[in-house]
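Morning, everyone. Please have a look at the structure on the screen, and I'll walk you through a few parts.

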Amino acid sequence: MAAVPMPILALLLLAWGGPGAAGQKRKEMVLSEKVSQLMEWASKRSVIRMNGDKFRRLVKAPPRNYSVIVMFTALQPHRQCVVCKQADEEYQILANSWRYSNAFTNKIFFAMVDFDEGSDVFQMLNMNSAPTFINFPAKGKPKRGDTYELQVRGFAAEQLARWVADRTDVNIRVIRPPNYAGPLMLGLLLAVIGGLVYLRGSNLDFLYNKTGWALAALCFVLAMTSGQMWNHIRGPPYAHKNPHTGQVNYIHGSSQAQFVAETHIVLLFNGGVTLGMVLLHEAATSDMDVGKRKIMCIAGIGLVVLFFSWLLSVFRSKYHGYPYRYVRS
């Protein structure tokens with residue numbers, strides 16, 4: 001068999017596998033450049049700020065073998081988005097925990113698109129609310145589970161970390177910066193108590209004051225029954241503003257979630273009911289004249305009826321179909 005000249009053999013090899021191999025190599029080079037650029041930015045700042053051009057080039061356009069967690073927000077002061085600032089603080093804690101731990105990898109990156117810097121991205125994704133967290137997976141388009149359920153789960157860094165682990169298999173141990181407020185308050189309380197003991201000398205009757213201890217216990221019970229611990233664990237937004245109507249909702253419409261404002265409202269209603277019961281007790285046991293006791297009794301009944309009715313209204317708004325009401329519907 002006659003030998004094939006080398007130039008013709010080279011042309012045949014190029015025609016058979018050259019273009020595909022060249023295209024694959026070009027994709028690998030583009031991907032390598034993307035990852036290098038993202039790693040360089042991530043080494044300087046845990047959350048990469050993106051505009052429309054960076055988002056389209058590094059998040060939307062292939063090739064990509066990494067996931068990008070993007071927070072869409074509106075942090076400029078004139079937007080007056082209080083929830084955005086609160087969510088941004090938790091998001092920064094999560095990203096810093098990833099950046100300065102063993103979970104740091106080039107398979108996931110954290111980014112942010114502010115409305116005033118990337119309004120075209122909001123339009124491209126038909127997005128009209130903030131803050132919103134979306135995971136853009138390494139392969140394919142985001143699915144339903146890749147959009148974080150902010151209203152249900154809140155924006156605490158721990159909750160975001162669980163969602164990230166579920167979507168990317170990257171487990172991040174959240175490390176919060178030290179908070180000295182608790183120890184300082186405890187130290188201040190101990191200093192006040194120590195000062196009172198020193199000034200009062202041997203007279204420690206104030207430590208046996210039933211009214212003082214009762215008020216302290218009552219405040220603690222009201223704080224716990226209003227849902228403050230849930231807020232501390234979940235980190236929900238203070239309220240929700242409907243982007244279409246502009247209406248602000250202070251009561252969450254689901255029994256599985258709540259707003260911070262909701263706990264303040266429930267605390268106020270519980271306090272009103274408690275005050276009414278205290279007035280009724282005083283009206284029945286005090287040594288005041290009959291006229292004042294009648295006034296206290298009427299005021300106590302009014303407070304109990306009014307605030308307990310409002311509590312039932314809140315309950316009905318969260319548990320749809322609840323059949324009972326007191327005064328208000």
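Predicted model: local features only at pLDDT ≥ 70, side-chain atom pairs only at ≥ 80, totals over all residues.

Let's start with the largest pocket. Its volume is about 880 Å³. It is lined by 30 residues, and the closest to its centre are Cys-81, Ser-129, Ala-130, Pro-131 and Lys-241. Which elements give two or more residues to the lining? They are α3, at 82–99, β4, at 132–136, α5, at 150–153, and β5, at 240–241. The largest share comes from α3, with 3 residues.

The lining has 19 nonpolar residues, 9 polar ones and 2 charged ones. And the domains? Domain 1, 27–168, and domain 2, 209–318, each supply at least three residues to this lining.

Next, Lys-241. You'll find Lys-241 in strand β5. Is Lys-241 buried or exposed? It counts as exposed, because its relative accessibility is 56% and the cut-off for exposed is over 50%. Lys-241 touches Gly-246, Gln-247 and Val-248, leaving aside residues up to four places away in sequence. Now look across to Val-83. Lys-241 and Val-83 lie 158 residues apart in sequence, yet their C-alphas are 10.0 Å apart in space.

Last stop, helix α10. It runs over residues 260–285, which is 26 residues. From first C-alpha to last, α10 reaches 38 Å, close to the 38 Å expected at 1.5 Å a residue. Several of its residues are buried, among them Val-260, Glu-262, Val-266, Phe-269, Asn-270 and Ala-283.

That's my tour. Thanks.

Conventions. Residues numbered from 1 in each chain as written. Heavy atoms only, no water. 1 Å grid on protein atoms, 1.4 Å probe; cavity = no way out; pocket = protein on both sides within 12 Å on 5 of 7 lines; lining within 4 Å. Points joined across faces, edges and corners; volume = space filled by probe spheres on them. Helix = DSSP H or I, 4+ residues; strand = E, 2+ residues; numbered from the N terminus. Nonpolar A, V, L, I, M, F, W, Y, C, P; charged D, E, K, R; others polar. Domains from an automatic or database assignment. Expected span 1.5 Å × (residues − 1). Buried < 20%, exposed > 50% of the residue type's maximum accessible area, 1.4 Å probe, protein only. Contact = heavy atoms within 4.5 Å.
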